[in-house]
Amino acid sequence: MISALALKHSNDIPPSTELPANFDKIHPPRFECGEMVRWTDVGEEADWGIVIGKFYNYEQRRCCWMWCYVIWLAPDSKSTAGVSI
């Protein structure tokens with residue numbers, strides 16, 4: 001059944017799902033765990049928090065591997081009210 005489905009955006013699929021060789025040297029992470037971060041492109045009321053994790057992932061929209069971050073939102077960030085644990 002799945003094989004009968006058309007592949008959407010098949011050109012966006014990376015040739016390999018393995019991490020690039022020496023990825024940590026080529027693309028070091030911008031932020032480290034424990035750093036405080038804030039969204040810069042959304043104005044003064046931007047959310048902020050602390051980096052509590054990071055992982056390397058393939059970003060299909062940019063067609064490249066990149067770092068992604070797990071953020072613990074600060075209690076007074078505007079999006080905190082919409083997050084449930």
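## Fold and basis

From the N terminus on, the chain runs α-β-β-β. That is one helix and three strands. Helices (H or I, at least four residues) and strands (E, at least two) are DSSP runs, numbered from the N terminus.

This is a predicted model: local features need pLDDT of at least 70, side-chain atom pairs count only at pLDDT 80 or more, and totals for chains, interfaces and linings use all residues. Residues are numbered from 1 along each chain as its sequence is written, and side-chain values use heavy atoms, with hydrogens and water left out.

## Surface and contacts

The protein chain exposes about 7300 Å². Carbon and sulfur atoms supply 57% of that area. Accessible areas come from the Shrake-Rupley method with a 1.4 Å probe; for residues, only the protein chains shown count as cover.

Of the 85 residues, 18% are buried. Buried means under 20% relative accessible area, exposed over 50%, partly exposed in between (1.4 Å probe, protein chains only). Take the contacts (heavy atoms within 4.5 Å) between residues at least 6 apart in sequence: 36% of them join residues at least 24 apart.

The three strands form an open sheet in the order 1-2-3, with antiparallel pairing. Two strands pair if DSSP finds at least two bridges between them. Strand 1 (36-38) and strand 3 (64-73) are the edges; each has a single partner strand, so one side of each lacks a neighbour in the sheet. From one strand to the next, the twist averages 50°. The angles run from 0 to 180 degrees between N-to-C directions, with axes as lines fitted to C-alpha atoms, for helices over the stretch in contact.

Strand 2 (residues 48-59) pairs with strand 3 in the antiparallel sense over ten bridges. Lys 54 has Tyr 69 of strand 3 as its bridge partner. Strands 2 and 3 form a hairpin with four residues between them. In the turn, Cys 63 has a positive phi of about 55°.

## The nonpolar core

Which residues make up the largest nonpolar core? There are five: Phe 23, Tyr 56, Tyr 58, Trp 65 and Trp 67. Strand 2 and strand 3 each supply at least two of the core residues. A nonpolar core is a set of buried Ala, Val, Leu, Ile, Met, Phe, Trp, Tyr and Cys residues joined through side-chain atoms within 4.5 Å.

## Two buried polar residues

Glu 59 lies in strand 2. Glu 59 is buried, at 19% relative accessible area. Its side chain makes a polar contact with the side chain of Arg 61 (3.0 Å). A polar contact is a pair of N or O atoms within 3.5 Å; within protein, one must be able to donate a hydrogen and the other to accept it, and residues adjacent in sequence count only if both atoms are side-chain atoms. Not counting residues up to four places away in sequence, Glu 59 touches Cys 64 and Met 66.

Ser 77 sits in the segment after strand 3. Ser 77 is buried, with a relative accessible area of 5%. A polar atom of the Ser 77 side chain lies 2.9 Å from the backbone oxygen of Trp 48. Leaving out residues up to four places away in sequence, Ser 77 touches Asp 47 and Trp 48. The C-alpha atoms of Ser 77 and Glu 45 are separated by 7.8 Å, although these residues are 32 apart along the chain.
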